[in-house]
Amino acid sequence: MWVNGSSYTVVSRAQDTASNQETPGAGNTFTFDTTAPAGPAGVNVGDPGTTVLNLNWSPNGETDLKDYRVYRATFSGSPGAKVFITNVIPPGTTHQDANVLVGTQYFYHVGARYTAGNEAAGAEVNGVPGA
């Protein structure tokens, strides 16, 4: 059983059809990680008076952060209806959403994801282009 936060070493070796085996190498060590990173702080929708919505947030600052994932929905509190629209690679902390309709309210979640794939959901923010 894998234990979160524990390190494991995996060693492999090849064997041919005559059952000859190579000498195993040192192996690869990894840490089993199921903990989600901290979500980005200060997520904001700026410039709502234009035909685009500009999202920005404070950097997460964790060293094994892979990316930020931006989701959009057209109604609040809709984790099942949110749609992934892009990922932003650190040190980036902005996204301009130009695929919006003027006068329509949009709800965004910006999550942070580790290289291991664990993702933290961010707080919900909203904006209306052209408002």
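Q: I'd like to learn to read strand pairing here; which residue stands opposite leucine 55 in β4?
A: Valine 45 does. Keep in mind that this is a predicted model.

Q: Which other strand is joined to β4, and in which sense?
A: That is β7, residues 94-97, which runs antiparallel to β4 with 4 bridges between them. Here asparagine 54 faces glutamine 96 in β7.

Q: How should I read the core, and which residues touch the most other members?
A: The general idea is that in soluble globular proteins, nonpolar side chains tend to be buried together. In this model the largest nonpolar core has 15 residues, and Leu55, Trp57, Tyr68, Val70, Tyr108 and Val110 touch the most other members. Strands β3, β4, β5 and β8 each give two or more residues to this core, with β8 providing the largest share, 4 residues. Leaving out residues up to four places away in sequence, tryptophan 57 touches partners including Tyr68, Val70, Val88 and Val110.

Q: And charged pairs: how many salt bridges are there?
A: The count is 3, taking a side-chain nitrogen of Lys or Arg within 4 Å of a carboxyl oxygen of Asp or Glu. One joins aspartate 67 to arginine 113, with the closest N and O atoms 2.7 Å apart. Aspartate 67 sits in β5 and arginine 113 in β8, so this pair ties together parts 46 residues apart in sequence.

Q: Is aspartate 67 buried or exposed?
A: Buried, with a relative accessible area of 0%. Arginine 113 is buried too, at 16%.

How values were computed
Residues are numbered from 1 along each chain as its sequence is written. This is a predicted model: local features need pLDDT of at least 70, side-chain atom pairs count only at pLDDT 80 or more; totals for chains, interfaces and linings use all residues. Side-chain values use heavy atoms; hydrogens and water are left out. A nonpolar core is a set of buried Ala, Val, Leu, Ile, Met, Phe, Trp, Tyr and Cys residues joined through side-chain atoms within 4.5 Å. Buried means under 20% relative accessible area, exposed over 50%, partly exposed in between (1.4 Å probe, protein chains only). Contact means heavy atoms within 4.5 Å. Two strands pair if DSSP finds at least two bridges between them.
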